[in-house]
Amino acid sequence: MATTEKEIVNRGALAHPDLTRLDDVNRDVLKMLTRPGKGWWMLFGAAAAGVGLFVTLWAYQMIRGIGVAGLTSPVGWGVYITTFVFWVGIAHSGTLISAVLFLFRAPWRQSIYRAAEAMTVFAVMTAGLFPLIHVGRVWHAYWLIPYPNSRFLWPNFKSPLVMDVFAITTYFTVSATFFYLGCIPDIAAARDRATGWRKHLYRIISLGWQGTDAQWHHFGNAYVFLAALATPLVLSVHSVVSWDFALGIVPGWHTTIFAPYFVAGAIFSGLAMVITLVVPMRKIFGLEAYLTTKHFDAMAKLMLLTSLIVFYAYLSEFFLAWYSGEEVERTAFWNRVFGNYWWATWTMLTCNGLVPIILWFKRVRHSIPALFIVTIFINIGMWFERYVIVVVSLSHEYEPFAWGVYRPSFVEIGILIGSFCWFGFWFLLFTRLLPPVAIQELKEVMPPPLRKKKSLEGAH
Amino acid sequence: MSTAVSSPGGQNSGVLASYEYLDSTVDAIEHLRKAGFKPQAYAPYPDHHIEHALGYGRSPVRVWTLCGGLTGAATGLAFPTWTSLDWPLVVGGKPIVSIPPYVIFTFELMVLFGALSTIIGIFVLSRLPAIKPAVLYDPEFTAGRYGVYVEADGARLDEARKILKAQEPIEMREGAKHA
Amino acid sequence: MSRDLAERHDGILRRDFLKVVGVTGAGATIAGCSTGDVERLLPYVVAPEEITPGVATWYTTVCRGCAAECGMWVRTREGRAVKIEGNPTHPVSQGGICSRGHATLQHLYNPDRFHGPMIREGDTFRQGTWDEAERLLAARLRRAASPTNTVDRGDVVVIAGHTGPTMSGLIDQFVAVLGATRVDYDAVTDAPMLEAARIAYGTATAPRYDIGAASLLVSFGYDFVDTGSSPVEHNKGLARMSGVNDESHAKGRFVFLGPRLSLTGQNADEWIPIRPGSEAAIALGIASAIATPEAAGPYANLLQAYSPAAAAEAAGVSEEAIVSLAERFRSEGPSLALGPGVGAHHRNATAANLAVMILNHVAGNVGRTVHYEAQSSAATSRMGDMASAIEAMSAGRIGVAIVHGTNPAYSLPAQTGFREAFERVPFKVSFASAMDETSAMADLILPDQHFLESWGDSMPRPGVLAIQQPVMSPVSTFDSKHSGDVMLAVMRLVAAAPPVAPAPAAPGAPAAAPAPARAAAPAAATFYEYLQSSHRAAYTDRTVDFDTAWRQALRMGYAQFASPAAASPALRAPDRALSFDVPTFDGSGDLTLLVHPSSRFGGGEFANSAWMQELPDPVAKIVWHSWLEINPATAAARGLVNGDIVTLASPHGSVEVPVWLYPGIREDAVALAMGTGHTSMGRYADRHGVNAVDLLPGTPEQPSGAMVTVATTVTLEPTGRAMRHATVDGANGDQHDRPIAPAVQLALLGETAEAAEEEHGELMELQAGGGFIPVPAEDGSPASFPLPGSRYGEYANAHEGPRWAMAIDLDKCTGCSACVTACQAENNVPWTGEDQVRMGRDMMWIRIERYYEHVDATQASDLDIRFLPMLCQHCNNAPCEPVCPVFATYHTPEGVNAQVYNRCVGTRYCANNCPYKVRVFNWYRYTDAIPEPLNWQWNPDVTVRDNGVMEKCSFCMQRIREAENRAALEDQRPVRDGEIVPACEQSCPAEAIVFGNIRDPNARVTQVVASERTYRVLDAIINTQPAVQYLRKVTFHEVAAAEH
């Protein structure tokens, strides 16, 4: 095929003014992997301490019994499941940005998708812990995995919880693989610059990548297929998570809109979390050249869209509860807004429905501090959305005599905080050990260096 | 800058040229192929000009993905069905084998197996992980440079050397690719 | 005991086995003997003949939980009593047993029982030997009587609680030998009723009510379901009387008159909320309206003074209510009026009871629904005698005070000054088997044996002599001794001593207190011999020899004699002046305080049972702590909300207690239950709740001498503090217009037949869809299951074998909660404690839901209260099953929703998805908190569940399997209908629960659910197809459509 110089230049869909040479990218990105500063160590220390708290409380709960949580009858699921769904939701934007936007050739994804993917992997790692924390006998939790035991007793494949096990495991495996595959060339780049123990580490985990034509060729193809597989997976995972609830008969759970509603919510919260993480990262590592307002503007628009979908879902839930004429449904939703947990519901409506409205304004979308604050609100709001769905629905079911109120205990709150530290712990390690920005993909969109300032055909 | 490490005419010796410019690389490759060489290229990023110059077609990775996906789907449907029949237990008045929930496992395992087999595919096809460390290699390839390597000996080696030189490489190395 | 006994028992065992299996179908071995010879319980060195490890042995005995003395079957395993059941052959209780009856097991294994005789040393007790203790008592008795003793010389007083006739006789002898005074005292007593009977008919026995025979039942504040003289018998009677007959649609009417709806009142069809103390006025008002002059006899003039109008005025209710009630007395016979009980003992209680007896008399009920029999041997306990004893003690005239079977230091109002007086007695002796407030003050404690460990007898009614036989060897942890044996030993020791001069008789003592010289110690060496000798005397009318008769009595649990002719006696003129007016109440408060015995604790003797503490109160559904019942309007007027803690002050004392808003109480009254607020009774009783009697005056009712419970007004002072009730009721009795406990109007019963037909049509569709209800085919045989084309999954062999199901008749259920405790005892259901219940973590497998509806929605007080025993519904389309990831819960081919504890991981999805919320979760290993030897009661046939697993009702799977195995052993015969009796059904006094194989067209359950009243909770909304079906309550009034 004939390629003009113009094409080559135009490939740089993203203009990075101070980037002229390919190896500038290595220079800028790989410098992040040098000795961390005081700030990083403080953050890391805090995260490690939080992980300590996390582990201690969990151990305490295992020894005393799940009763140390505030869970009770009728509210058998509480903060733990809420947080599980929250983290699974967070996990979504990563694969969304890396896979879906890759397929759609969205020009602005290159510089953020590495961080987003890392976030995905760590978020799933965090989420995956919560079902274990939640069950009454975690030492038997492996019974949910189909393995040939002496009695050939298998899990119940009709149970949404088993679907969940498969969905989450698959999602973790695929996104982790996807993440690692994308990292390999950049690790090789790091290897070629690194010294000491890092060189040894990178030599091993770069699997001897050299960037030969054959490697690049298969790499590119495989990447497309993985993206094609990961895309429906993103949509399926949170659908399956939503069926954890929708397949129950609990009023407030048993509805058909849950799958799309949850997926939208997941992307919504995921994008919010990406911004929350990337804004400080950009400052600390001086990546202004790579993460421009252009990126934030694009993500803000996507958040605005998903926020509208989610808010629409809220409203349709209330409408359908009323329209059904079913006394049980009506009471359940009335109780949401005006019952014991009115504060949770109103937090959810405000943070996810009203606050994002200001994203209609370009000035907000282009002001990084403003975006940062908005995303904090959204993170809180989306946690409470899950809290409302899980807890409030359970507290008012069919049998009025058995209605009850659930109050989270200090153990649950501690483990919730601990989970953020556990997540931060891994993310901080990531920023120091792996190139947080995709080097090779950035180079793809840069104008390649040319000797003859004319078209390539000149050669022949 | 390091120089040639192994003697000319040695076992499967070759020459490696590092270029600063994309077009030089592409030209070098094309001329080498005209002269009947089988050059190998290095680049800091996947560049379709180079692939084009080397005349790559579609990668066979797709086959791996397809096989993996189909195997996964089959397993995902068969396994729950078999376990249900292996020890039939009625729950909630549902049929012993109820397809709708099993479709989810079909899908999940399709994706899982598909993804894993793709990874295996790319590793196998692109000879990863490379056990033997390459000595004839320029670390700048992962930063900004392009490279072309040709394996030849004797007169053919000189011819290749000439073609590569014509494109003004930053540096050239010779010797066996692997120690 | 002697060897020949054991041999005899062996013979009985085999014979009885054959007989009893036939009779009861429970496969029980009703053995006519005690296991008195078992030295160690486990392991066996040489196993006693009648005990086979793994096989239950059953014994008959008598319940000593209260004065009703119901018949019991006690199931023992490896020599331990593990379960109590009602004895269906018992002439009085006729099967079924109340919650307190079950809880006596926890007294047997009470970890706070004494480990041996306790001798006071300063402020503490030292454990001594029995020989030492008996010698000490004898010595102190002699010393108290010796004329040379100038320090602490004094009389001896024996304060005795209710006990069996033989034991009572022995106490009389004991008293005689010691030249002591006997004072009978019980916290809860029907003394006014007895006194009224004495005045009216000259008999001092409680009138026997045949409630089942009445068609109009009127209770003047007599709580015969809660407590009363025979709760189980009366509960059964109420169910028979007010439970509708599905063929004839006949249903008795129950009217309750009282300021507060007790559990009994909640079962009434009509509530007339009369002013406290106005019972007499109403009874006489009605009597005057229906009486012919001659019928009233000597009371004709009295009736002249009364009229329905005057009665209505006195009671503060509408005249129509009284007039229509009088009209009913005329038309809807046979009627039965029940006199004020302990919960309504005001200062004119005797008069009120007399008035009610007059009403019964003029209504012609005597001999039809109420019977007066000759003197029973049961001693009447009178707080009046106690008053004189207190006077004597405080005057220092008492040298030795002996307390047996009662706890006056707790149950007497502080105003009586008992504690101070008792403190002054130089030597105080208690026979209590576990610490209580009285024993805490004693100098010597001689721990009695529990009635399940010891011999005794009871006479629940003249002509019935029931035997209390030990069902197991005494709990080896505790070195206890039968107080009868102790008294015999002490009598011998005292008699052996040189006689001393007769002591001056204490005031209030029976005439001519006998001196030791005159009364000789009985010959019997042990109480067992003493008992046998007394029965030998009673069995004179037997044709067979005594041993045979005795063994028969042991096997059946009782011996029957020709009861004295109960000819309808004539009214006698009162021998003393009585006031029938509304009594005056102490204090100037604007609220009258109603103190009533608790249906869980009685007068307080059951407070140290964790079962009773955690059993939701049938009225308030509150556990572990006290509450003050107050009308919502009154509370609103004072700005009080549920849980606000108030200072409740009467002229006699004050307590701090949280209020509970209850529409079932008059606006000018508040109610507080007795039995809680112990200070030194044990780990489960102490510091739980308040003691209501401390608010009561010290002066007894006259002339009966009973403690007055409705005697004072009170004032409420908010403390500003509040607490959340530890309650299991999540919706304050509101069923939010859901078809959970619907009712049907009696008048519509016939007319709803078509509706029922439709229902039946639905059932057929259901069946076509895999529902389990068998639809008779043309030939009448149940259709095979599942039907062809069934949408639902089932086992290949599901149409073979039984399909277990249960039917519960809500028109019979009285909400007494006996089933709850029965289930707890049978299935090792742990208790969790006040704070856990407050969080919502109670573990009950079956609960009694209590919902308020309104007879007339415009009147808040016009209550129609529904009870719904809620247990696992064993749904055919169980929502809990498919969500379990590990098959820990699944459906068995027999239609039972099984829960596999060992497989449970604890995701709790099943509980979330259970619309009935009958699944309970082990948040901790609750059984760890159960101390030795309470855990000896655990049923060996049922797993004790681990921390972190879900559990729920299993339809008593262990009993199903036991019956199936037995049937298989008896050459593969099918299981008989009624052979499997779940714990809840067995103990239900109202016989409201029926369990069986729904696929058997002749099974009781199949026939019961054929009723047009049958419905399935929530099934109409969510198609769960429960295996538990309910029969609607039937009301006289119109029922709101929303409830259907």
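Is C:F224 buried or exposed? In this predicted model, C:F224 counts as buried because its relative accessibility is 0%. C:F254 is likewise buried, with a relative accessible area of 0%. The rings of C:F224 and C:F254 form a tilted aromatic pair, with 5.7 Å from centre to centre and 50° between the planes. This pair joins distant parts of chain C, the two residues being 30 residues apart: C:F224 lies in the loop between β10 (216-220) and α6 (231-242), whereas C:F254 belongs to strand β11 (residues 253-257).

Over all chains, the structure contains 86 aromatic pairs. One of them is stacked and consists of A:W40 and A:F44, at 4.8 Å centre to centre with 10° between the planes. Both residues are located in helix α3 (residues 38-64) of chain A, where they are four residues apart, about one turn of the helix. A:W40 counts as buried at 10% relative accessibility, and A:F44 counts as buried at 15%.

The interface of chain A and chain B involves 65 residues from chain A and 75 residues from chain B. About 6,200 Å² is buried between the two chains, 67% of it on carbon and sulfur atoms. Within chain A, the most area is lost to chain B by A:K158, A:Q210 and A:R451, which together account for 13% of what that side buries. Across this interface, 14 residue pairs are in polar contact (both at pLDDT 80 or more), while zero salt bridges are found. Helix α8(A) provides the largest share of the side of chain A that touches chain B, namely 17 residues. By class, that side has 35 nonpolar, 17 polar and 13 charged residues.

Definitions and conventions: Residues numbered from 1 in each chain as written. Chains lettered and ligands numbered in written order. Predicted model: local features only at pLDDT ≥ 70, side-chain atom pairs only at ≥ 80, totals over all residues. Heavy atoms only, no water. Contact = heavy atoms within 4.5 Å. Buried area = accessible area lost by both parts, 1.4 Å probe. Salt bridge = Lys/Arg side-chain N within 4 Å of Asp/Glu carboxyl O. Polar contact = N/O pair within 3.5 Å; in protein donor to acceptor, adjacent residues only side chain to side chain. Nonpolar A, V, L, I, M, F, W, Y, C, P; charged D, E, K, R; others polar. Phe/Tyr/Trp six-rings, centres within 6.5 Å; stacked < 30°, edge-to-face > 60°. Buried < 20%, exposed > 50% of the residue type's maximum accessible area, 1.4 Å probe, protein only.
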